[in-house]
Amino acid sequence: MTGPWRPVEADDVEVALITGRDPLRRLVEADIPAIILRGACPAADCAGLVSRFIERGLMRDPRQPAPPDAPLRIDIGTSLGNLGHDQPAFFAHARESRELFTTLFDGFPDPVDLLYGVLRRLAGDKQVVTAREPDGRLYGPAIFRIHYDSQFYAPHIDHVVLREKRFNYAVSRYPVQLAGVLCLQNAASSATTQAILHHCPWSEEVQPHLAANTYHEYARGLGLGHCQVDLEPGDLYFFNTGLVHEVPPVVGDSPRIVLAVFIGYDPGHPEVFVWS
């Protein structure tokens with residue numbers, strides 16, 4: 001590395017825009033690891049939404065004993081990665097998610113609208129829209145991911161083409177995939193690390209090390225840098241999912257909860273597609 005690889009970090013999107021030229025393009029070019037906006041959503045609203053999820057039975061109450069077969073991850077929303085193998089089922093599920101979201105946030109500022117609004121300001125003159133197929137079928141607009149004790153993600157990338165090989169979806173036209181993540185709740189321990197972002201784009205050379213879980217040795221051998229993203233509830237960040245990244249294990253009874261989107265970005269295209 002020729003110098004420190006640091007995020008653009010601010011407590012206001014306008015400050016983030018002033019801090020550097022075209023911040024989304026800087027993510028695309030891996031010039032910066034992330035754009036971090038502190039306090040994008042009030043922490044009290046984040047806690048209120050988590051209580052709403054428990055009240056509606058959308059997630060298990062961490063105060064109650066977990067059944068033996070309890071999953072380590074619960075999604076509130078539609079995951080293309082998990083459901084995309086069956087297009088009719090995926091788009092039917094996405095319809096249900098959009099319907100759920102029409103009432104789920106009653107009494108709170110809509111966190112999905114908040115995330116989209118920040119992205120629109122970062123995207124400049126581009127139009128930010130929920131991803132859709134040419135026939136008008138809409139994807140899920142966003143997803144809440146709830147991670148319980150011991151859940152983690154080893155070094156990997158996220159990309160509909162490079163990783164998932166989903167060539168039959170409109171989002172596959174985008175060469176670059178970004179992500180936006182809003183922290184609603186950290187794990188029960190004092191750990192606030194949401195992700196470790198590595199200064200390493202995916203390549204055929206890197207893939208065997210991801211598959212064999214030897215990426216850390218590979219990165220150390222090349223002197224590749226990384227950035228640790230620490231968030232408090234209400235903080236929001238954006239990053240390039242085509243770069244290697246990982247998520248440390250959740251520790252404790254209270255789950256880590258985030259609102260997440262994927263973002264299809266092409267500097268030469270007027271629309272930015274968003275999906276979950």
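Reader: Which residue in E11 does Ile196 stand opposite?
Author: Ile196 faces Glu246 in E11. This is a predicted model, where local features need pLDDT of at least 70, side-chain atom pairs count only at pLDDT 80 or more, and totals for chains, interfaces and linings use all residues. Residues are numbered from 1 along each chain as its sequence is written, and side-chain values use heavy atoms, leaving out hydrogens and water.

Reader: How many bridges join strand E8 to strand E11?
Author: Strands of a sheet pair through backbone hydrogen bonds, either parallel or antiparallel. Here E8 (residues 193–201) and E11 (residues 243–247) run antiparallel, joined by 3 bridges. Pairing takes at least two bridges found by DSSP. Strands (E, at least two residues) and helices (H or I, at least four) are DSSP runs, numbered from the N terminus.

Reader: What is the order of the open sheet?
Author: The 4 strands run E6-E11-E8-E9, with antiparallel pairing. E6 (153–156) and E9 (226–230) each have a single partner strand, so one side of each lacks a neighbour in the sheet. From one strand to the next, the twist averages 15°.

Reader: Which strands does helix H8 lie across?
Author: Helix H8 (residues 215–222) lies across E6, E8 and E11, at about 55° to E8. Axes are lines fitted to C-alpha atoms, for helices over the stretch in contact (heavy atoms within 4.5 Å). Angles run from 0 to 180 degrees between N-to-C directions.

Reader: Is Ile146 buried or exposed?
Author: Buried means under 20% relative accessible area, exposed over 50%, partly exposed in between (1.4 Å probe, protein chains only). Ile146 is buried, at 0%. Ile146 lies in strand E5 (residues 143–147). Its C-alpha atom is 4.6 Å from that of Ile257, 111 residues apart along the chain.
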